[in-house]
Amino acid sequence: MTDKVECVVVGAGVVGLAIARALSLQGHEVIVLEAENAFGTHTSSRNSEVIHAGIYYPTASLKARLCVSGRSLLYDYCRERGVDFQQLGKLIVATSEEQADVLRAYQAQGRTNGVDDLELLSHDQLHQLEPDVRGQAALWSPSTGIVDSHALMLSLLGDFENAAGTLVLRCPVHAFRPVAGGFEIDAGEEGASIKLQSRWLINSAGHGAIRLAKTAMMENLPDNYYPAGHYFSYQGKSPFSHLVYPIARQGSLGVHATLDLGGQLKFGPDLDWREQLDYTFELSEERRQHFEKSVRDYYPALDANRLQPGYVGVRPRISGPGEAPADFIVAGPESHGVQGLVQLFGIESPGLTACLSIADEAVSRLSEN
C-alpha cells in the first residue's frame with residue numbers, strides 16, 4: 001500500500017522546518033520525515049546560535065544574499081512570535097596592524113553584501129565596549145545577535161502543524177525514485193517500513209542529503225566532508241557583554257567568544273576534520289592548549305581553570321581541507337532537470353540565520369516548475 005501526499009520534506013532541522021512551514025502556509029499538504037526521535041538534533045542544535053550579519057561571504061553568493069535577507073526576516077519573526085533573541089552586537093578584533101587592514105577589507109565586503117552598519121573602532125573605542133579584550137582595533141557589527149535555536153524550531157514547527165502539516169519522527173528516508181507525476185519514497189525503521197508517493201520532494205537531510213540523492217542516481221553531486229568543532233564553556237560570570245571574534249582563518253571564523261541567552265560564555269569552535277559524522281568530544285592537552293592560546297590572543301586574562309568541555313558540532317560541508325568553504329547549493333529543476341525536486345547541500349553557517357530566506361528560495365524553485 002502506497003500513501004500519497006502532495007509534498008514531502010526530508011529532514012526536520014531548522015531549514016527543513018522553515019521550508020515545510022512556508023509550503024504549508026501556502027496551503028500545500030506537507031509531511032516532514034525525520035530519522036531521529038526529535039527535530040533539530042544535528043547541525044541545528046550544535047552551533048553557536050549566532051544571528052550573523054552577512055560580512056564574510058563572497059559577493060553575489062547565496063550565503064551573502066540569503067544571510068542578509070534572512071537576518072532581517074529572522075529578527076522580525078522572533079519579535080512577532082516571542083522567540084528569545086538578543087541583538088548583542090559583535091566585535092571582530094585585530095591584534096596587529098596587519099590584521100587592522102583585514103578589518104577594512106571586511107567592512108568593504110560587508111558593504112558590498114548589503115551590511116551597511118559596520119563601524120571601525122580604535123583601540124580606545126574597543127576598550128570602552130569590552131575592557132578585557134586586547135586589540136589594536138575592531139570592527140563593530142551592531143546587527144549581529146543570538147537566538148534560542150530550539151525555541152525557534154519549536155515555533156516553526158508550531159506554525160507548520162497549525163497549518164495542517166505533519167511531522168513524522170523516527171522515519172529515516174532510505175531512497176527515492178522519480179516516477180511519472182512525482183516520486184516514490186522508501187522510508188521507515190526496520191519492521192515499520194512505509195512507501196510514499198509525492199508530487200514534490202525537498203531533500204533537506206543535512207549530512208544525509210548527498211547520500212539520499214545518490215539513491216536516485218543523481219549526477220554531479222558534491223562530496224561530503226565532516227569538519228568538527230569543539231566548544232568549551234567558561235564557568236562563572238562572563239567578562240564580555242558582546243560577541244568577540246578573532247580574524248577569520250582558512251575555512252573557519254576562529255575560536256570566538258559567544259554568549260547564550262542566559263549569559264553563559266562559550267569559546268569555539270576549533271576545526272577538526274573527521275572521516276565520518278562523529279560528535280565525540282576529544283579532550284587532549286594539545287586541544288586545551290590550542291584553545292587557551294587562541295583565546296589569549298584577544299583575552300589575555302583567560303583563567304584556563306574555568307574552561308570546561310562543552311559539545312561538538314559538525315558542519316555539513318561540501319568543500320574539503322585547504323579549500324575555501326563552498327557556497328550553499330539549492331538545486332531545483334533548472335539544475336538537475338527533475339521536476340518537483342529541490343535538494344539542499346552544504347547548508348552550514350549561516351544556515352540558522354538564513355533559514356527563512358532559504359525556505360523562500362527553495363519554494364521559489366518549486367514554483368518555477
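1. Of the contacts (heavy atoms within 4.5 Å) between residues at least 6 apart in sequence, 71% join residues at least 24 apart. This is a predicted model: local features need pLDDT of at least 70, side-chain atom pairs count only at pLDDT 80 or more, and totals for chains, interfaces and linings use all residues. Residues are numbered from 1 along each chain as its sequence is written, and side-chain values use heavy atoms, with hydrogens and water left out.

2. The radius of gyration, taken over C-alpha atoms, is 21 Å, which agrees with the value near 21 Å for a compact globule of 369 residues; the globule rule is 2.2 Å times the number of residues to the power 0.38. Along the principal axes, the C-alpha atoms fill a box of roughly 70 × 40 × 40 Å.

3. Buried residues (under 20% relative accessible area, 1.4 Å probe, protein chains only) make up 55% of the 369 residues.

4. The protein has nine helices and 20 strands; these are DSSP runs, helices being H or I of at least four residues and strands E of at least two, numbered from the N terminus.

5. Two cis peptide bonds deserve a check. One runs from Gly268 to Pro269, with omega near -5 degrees, and Pro269 is in the loop between strands S16 (265–268) and S17 (272–274). Another runs from Ser349 to Pro350, with omega near 10 degrees; Pro350 is in the loop between strand S20 (341–345) and helix H9 (355–367).

6. Ala60 has a positive phi, near 70 degrees, and lies in the loop between strand S3 (50–51) and helix H2 (62–81).

Key:
Buried means under 20% relative accessible area, exposed over 50%, partly exposed in between (1.4 Å probe, protein chains only).
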